[in-house]
Amino acid sequence: MTEQVSAGIERPLRFVRSGDTEQVWFGCNFWSRAGGPFMWRSYDEEVVRTELVTMRDAGLDVTRSFLFWPHAMPEPGRLDEAVMDRFAKFLDLHTELGMRTIPTFLVGHMSGENWDPEWRDGRDLYTDTWMVAQQSSYLTQVATAFASHPAIVGWLVSNEMPIYGGPAARKDVTAWAQLMVTAIRAGEPVKPVSIGDGAWGQEVTGKDNGFSVRDLAGLTQFVGPHVYPMGDDVVRQHLRAAFVCELAAVTQLPVVLEEFGVSSDFASDEHAAEYYRQVLHTTLLAGATGWLAWNNTDFDNLPEQDPYRHHPFELHFGLTRADGSPKPQLHEITAFRQLVDRLDLPSCTRWPAQVALLVPSYLDAPEHWTFEERERTGIADALEQSYVACREAGLGPAFVREPEPVPAKARLVVVPSVKALTVPTWHHLAECAADGQTVYVSYGLGDTPIQRGPWWTDLEPIFGVRHTLRYGMVEPVLDDVVEVRFRTGFGRIAAGDTLHFTAVGSPGGRSILPVEAIDAEVIAVDQHDRPVLTRRRHGAGQAILSTLPLEYFAAHSPRVNPEDTWQLYDALADEAGVERAARVDDPRVLVDGLSHRDGREFAWLINASGETIDLQLYGVDRLSPYEVTVVQLPGEPLAGAEPSAAGSLQTHRISPKGATP
């Protein structure tokens with residue numbers, strides 16, 4: 001089914017720029033199998049050439065390269081000339097082969113081991129002025145030496161500095177980062193810079209390591225998440241990188257998926273290919289415009305060399321085996337690039353969103369708010385599961401961060417399993433409902449016993465209910481499965497239909513908000529006739545309350561998706577009048593898309609399951625397990641627009657057998 005989407009929250013694609021050119025990066029993190037991190041002391045140009053050609057021929061023409069700091073700067077203030085000469089040859093090879101690279105300076109941490117220059121002598125990397133001066137000198141010297149080299153397309157300060165330097169005070173990290181960027185700019189003033197920290201800051205993870213995504217964005221030109229999830233649900237696992245990309249875009253910088261990948265010791269070839277396929281496409285739809293896989297090659301030839309000796313799984317993250325033969329994941333990147341090139345990506349934008357997913361300000365609350373870390377990480381967990389349910393319902397949400405106002409173009413506002421919002425935000429949500437929007441909020445206390453109650457206000461004016469809580473107590477959910485029976489039709493859920501939710505979690509988390517309806521309609525109840533879903537109308541708008549933490553339950557359940565929250569979200573969207581450019585009534589098929597400026601519309605049909613799905617929609621009969629198909633929807637070019645040089649793309653299938661036009 002296809003609808004014309006009238007308007008929504010704009011979700012542009014943002015690109016790293018080189019002058020006036022918007023760049024799309026397809027590449028990998030690069031170490032040669034002739035040495036790994038020690039390659040600059042055992043440099044084998046022919047091996048490196050072969051490795052680069054393999055990547056280039058597969059469509060990966062950007063590398064993230066690393067200057068191993070202990071070798072590059074063996075003494076304070078002095079660069080190793082031999083290492084610099086070899087790095088220059090490496091850059092020249094890139095130019096000869098039509099490739100580009102992003103050098104990384106402070107390495108530092110690599111593959112499970114921290115490596116210090118011998119002369120560091122335990123000095124703090126962020127606050128010791130002499131040590132900061134040495135780092136600055138190093139960055140300036142290298143940037144000056146290679147400033148004019150055409151192979152260099154950007155710079156990265158470090159590799160995973162939160163592991164190497166450790167977490168630190170936000171003010172100290174930000175000051176250090178400012179000095180590092182200034183040092184690069186002293187040698188080369190133009191090319192884009194980022195920190196290489198992994199975007200693991202509090203704005204994304206809820207954990208304060210000092211590397212604030214907001215603060216660092218003021219110094220850099222792109223943000224680079226490093227994503228290696230360890231999960232218990234396949235759908236969440238495949239969508240985690242996309243979710244991280246959405247959160248990492250908090251400052252509207254371009255997002256480059258700077259590291260992602262799998263070790264063949266942790267995933268079979270078949271499942272590794274599935275993971276790559278799902279991550280590449282879902283992160284594109286989440287706004288990423290660059291992909292640097294970890295990494296180019298396996299290192300079976302270096303079993304006695306650290307870090308591989310003591311982290312043996314690090315031997316096998318390669319896109320190729322140690323003999324140079326490609327793994328299936330390399331073919332996935334090739335197929336993905338073929339598609340993206342045909343789309344003319346800089347001429348595309350993401351489909352507008354009519355659903356807003358509200359991110360509470362407590363996710364990155366300042367320290368003086370006394371909000372515990374496990375409460376913050378719980379917010380991230382609930383948001384992630386809500387994001388999954390949105391995607392299963394065919395809803396690509398826009399992330400709106402409290403205290404930003406919810407855009408008027410959002411027809412549905414989703415606030416999942418929330419313990420706390422600030423008072424102005426509760427007032428704003430009431431205004432949203434009064435202005436015609438549908439506001440959905442689900443109750444959730446999370447896992448901490450501290451001030452264990454809803455940090456809510458205006459429950460009765462907004463939702464038309466009165467709670468019956470006892471101070472310091474929760475109303476436990478004792479049933480292992482909650483049966484939610486609908487008293488009235490809601491969206492496409494008929495009166496009498498029942499949804500089922502597995503109840504799990506801590507004593508506080510596994511609880512219900514007991515309420516009495518005062519000026520609200522009870523839409524659904526549990527098997528004990530307690531209100532679960534209520535609605536209070538506000539003119540043309542409405543406020544809908546779930547007294548159960550549905551997203552919390554699912555977030556804490558293994559191998560749960562798809563679970564029934566997607567049906568509730570689907571019904572909420574229908575009740576709110578959300579338009580969908582493409583729709584598939586199967587939660588296993590994730591649907592989203594891009595619009596080309598010439599008027600063409602491209603829909604992604606992503607099978608998020610290990611089952612073959614009979615579809616019979618959009619000219620697609622079926623989807624194989626974990627297959628991705630992209631279709632061009634019917635539509636006329638915009639007035640005066642010329643057809644794209646990419647030509648017409650009708651159907652592009654990416655399956656275990658690769659891409660077919």
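**A buried histidine and its surroundings in a predicted fold**

His-316 counts as buried because its relative accessibility is 14%, where buried means under 20% relative accessible area, exposed over 50%, and partly exposed in between (1.4 Å probe, protein chains only). The structure is a predicted model, in which local features need pLDDT of at least 70 and side-chain atom pairs count only at pLDDT 80 or more, while totals for chains, interfaces and linings use all residues. Residues are numbered from 1 along each chain as its sequence is written, and side-chain values use heavy atoms, with hydrogens and water left out.

His-316 sits in the loop between strand S14 (288–293) and helix H11 (328–343); helices (H or I, at least four residues) and strands (E, at least two) are DSSP runs, numbered from the N terminus. Leaving aside residues up to four places away in sequence, His-316 touches Val-262, Ser-263, Ser-264, Asp-265, Asp-298, Asp-300 and Lys-327, a contact being heavy atoms within 4.5 Å. The loop between S14 and H11 also holds Pro-307, and the peptide bond leading from Asp-306 into Pro-307 is cis, with omega near 10 degrees.

Turning to the chain as a whole, 16 helices and 35 strands are found. A compact globule of 661 residues would have a radius of gyration near 26 Å, and the protein chain agrees, with 26 Å; this radius is taken over C-alpha atoms, and the globule rule is 2.2 Å times the number of residues to the power 0.38. Along the principal axes, the C-alpha atoms fill a box of roughly 80 × 55 × 45 Å. Of the 661 residues, 61% count as buried. Among contacts between residues at least 6 apart in sequence, 75% join residues at least 24 apart.

Next comes a helix pair. The axes of helix H12 (residues 373–392) and helix H16 (residues 565–576) come within 8 Å and cross at roughly 65 degrees. In this contact, Ser-386, Ala-389, Cys-390 and Glu-392 of H12 meet Thr-565, Trp-566 and Tyr-569 of H16. The contact residues comprise four nonpolar, two polar and one charged, with Ala, Val, Leu, Ile, Met, Phe, Trp, Tyr, Cys and Pro counted as nonpolar, Asp, Glu, Lys and Arg as charged, and the others, Gly among them, as polar.

Strand S6 (residues 100–107) is mostly covered, seven of its eight residues being buried. Six bridges join S6 to strand S5 (residues 62–68), and the two run parallel; Val-62 has Arg-100 in S6 as its bridge partner. S6 also runs parallel to strand S9 (residues 155–158), to which two bridges join it, and Thr-104 stands opposite Leu-156 in S9. A cis peptide bond joins Val-107 and Gly-108, with omega about 20 degrees, and Gly-108 is found in the loop between S6 and strand S7 (109–110).

Some backbone details remain. Most residues other than glycine have a negative phi, and most peptide bonds are trans. Ala-199, although not a glycine, has a positive phi of about 55 degrees. Ala-199 lies in the loop between strand S10 (193–194) and helix H7 (202–205) and is buried, with a relative accessible area of 2%. Gln-451 likewise has a positive phi, near 45 degrees, in the loop between S19 and helix H14 (459–463). With a relative accessible area of 54%, Gln-451 is exposed.

Methods: Axes fitted to C-alpha atoms, helices over the stretch in contact; angles between N-to-C directions. Pairing = 2+ DSSP bridges.
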